[in-house]
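Subject: Structure handover

Hello,

Here is the structure you will be working with. Please open it first, then read the notes below it.

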Amino acid sequence: MAVAGCGTHSCRIVDRDGATVSNADVLTSVEWSRVLDDTSAASVVVSPEGDCCERLGLVRAWRHSLLIYRDDSAPVWSGPVVDVRWHLGRVEISALDVSAWLARRVPHETIAFTNTDLAEIADWLITDAFAPDDPGHSIVTVAPTRVRGARNYTKNVGQALDHLTDLADTGLDWTVLGRTFLLLPETHRESVGRLSDVDFPEGLVVAEDGTALTTRWIVAGDEEGEVLGEAGGVHPYYGLLERYFEQTSIPDDASATAAAEAKLRASQPVPVFIDSQQVTISPQAAVDVAHLVPGWCLDVTSAETCRTVSQRLKITGVTVTEEGGSGDDPGSESVQVQVAATGTEASS
């Protein structure tokens, strides 16, 4: 049975052509993350030794990428370097995952989708964004979203990442694992482990977040209201909580209605979640850190607060840090996971 364990990290900097620019021989700090529907970040602090200092002096933003390894396995994180700071005796390197390139790309052709699954549209957005210049990426559609609709994109208008984020607001989930974009439905329920109070020695917080609750969604394709869809209404328990959302890429009422229905599914559970953002998972927890991927789920049970909860919750973020330490203090790794209820999980 896999356990979280106490990992140790290494990293290297690679060029666009795949050649190694520099290995990080002495790491004093490492932090990497995975997030749902957003760009993740990583950072390392290196104490250069020997000719490592000269090689690290060659590192350039966007030209080079940071690869982070945990326990000498395949890279757990990869992405372009975006900031380098050279200090006396140390070098600080910050990077973003490959989706960061989408924030620097635009649609390269005009296209109109009709009755198309959102995962197919997302695949096109990513493929088109990298078509003129591909630093290395792949796309895996885990499952179709089963949310279909129309979307229009105009050449050179808008950033590709903004368009992908808009899709994530209306039924699609996406995350980046290494250099691979994973596309999946918001209703994806595959579990990668089970955690309970004993796996969180520092304790958990069970929270009810009323700000996430909406009982009626109105989705518009333009400010004039010529394209409009809605879903929901007065809830028998909560009453009426309405929200308006505008997305100009939606060209017809049917697609706006499908988007409203998707947003309703994501925002009308009983708004309970387990807040583990500041809590470190025990090294003995029965989960494989490499498998903690946003969009997948964890079965989490908490009975040590006044609010007992046992739910399958979606992983929305993972943060792993390791401090190298010095002298008699060897440093240690911490693994934090953020989980939240979606409409599907809350109804189970």
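Lys-263 is a place to start: this residue sits in helix α4, residues 253-267. Helices (H or I, at least four residues) and strands (E, at least two) are DSSP runs, numbered from the N terminus. The model is a predicted one, in which local features need pLDDT of at least 70 and side-chain atom pairs count only at pLDDT 80 or more, while totals for chains, interfaces and linings use all residues. Residues are numbered from 1 along each chain as its sequence is written, and side-chain values use heavy atoms, with hydrogens and water left out.

Lys-263 is buried but has no salt bridge. Buried means under 20% relative accessible area, exposed means over 50%, and partly exposed is in between (1.4 Å probe, protein chains only). A salt bridge is a side-chain nitrogen of Lys or Arg within 4 Å of a carboxyl oxygen of Asp or Glu. The nearest side chain of opposite charge to Lys-263 belongs to Asp-169, 4.6 Å away. For charge, Lys and Arg count as positive and Asp and Glu as negative; His and the chain ends are not counted. Apart from neighbours within four places in sequence, Lys-263 is in contact (heavy atoms within 4.5 Å) with Asp-169, Thr-170, Trp-217, Val-219 and Phe-245.

Salt bridges

By this rule there are twelve salt bridges. One of them joins the side chains of Asp-15 and Arg-63, with 2.7 Å from N to O. This pair links distant parts of the chain, 48 residues apart: Asp-15 is in strand β1 (residues 9-15) and Arg-63 is in the loop between α1 and β5. Is Asp-15 buried or exposed? Asp-15 counts as buried because its relative accessibility is 12%. Arg-63 has a relative accessible area of 40%, so Arg-63 is partly exposed.

Glu-230 and Arg-216 also meet through their side chains in a salt bridge, at 3.0 Å from N to O. Here too the pair links distant parts of the chain, with Glu-230 in strand β16 (residues 228-232) and Arg-216 in strand β15 (residues 216-220), 14 residues apart. Glu-230 counts as partly exposed because its relative accessibility is 44%. Elsewhere, salt bridges that share partners join Arg-16, Arg-105 and Asp-133 into one network.

Arg-216 comes up again in the contacts of Glu-242, which touches Thr-214 and Arg-216 when residues up to four places away in sequence are not counted. Glu-242 is in strand β17 (residues 242-246) and, at 45% relative accessibility, counts as partly exposed. From C-alpha to C-alpha, Glu-242 and Ile-218 are 7.7 Å apart in space, although they are 24 residues apart in sequence.

Nonpolar cores

A nonpolar core is a set of buried Ala, Val, Leu, Ile, Met, Phe, Trp, Tyr and Cys residues joined through side-chain atoms within 4.5 Å. The largest one has 40 residues, and those with the most contacts inside it are Trp-32, Val-44, Leu-66, Ile-68 and Leu-298. A second, separate core has 28 residues, among them Trp-124, Ala-160, Leu-167 and Trp-174. Leaving out residues up to four places away in sequence, Val-44 touches several residues, including Cys-11, Leu-27, Leu-66, Ile-68 and Glu-92.

A three-stranded sheet

Strands of a sheet pair through backbone hydrogen bonds, either parallel or antiparallel. In what order do the three strands of the open sheet lie? The order is β9-β12-β11, and the pairing is mixed. The edge strands, β9 (138-141) and β11 (172-177), each pair on one side only; two strands pair if DSSP finds at least two bridges between them. Six bridges join β11 to β12 (residues 180-185), and these two strands run antiparallel. Among the residues involved, Asp-173 has Leu-184 in β12 as its bridge partner.

Positive phi values

Asp-37 has a positive phi of about 60°, although it is not a glycine. Asp-37 is in the loop between β3 (27-35) and β4 (41-46) and counts as buried because its relative accessibility is 19%. Trp-62, also a residue other than glycine, has a positive phi near 70°. Trp-62 is in the loop between α1 (52-56) and β5 (64-70), and its 28% relative accessibility is why it counts as partly exposed.

Regards
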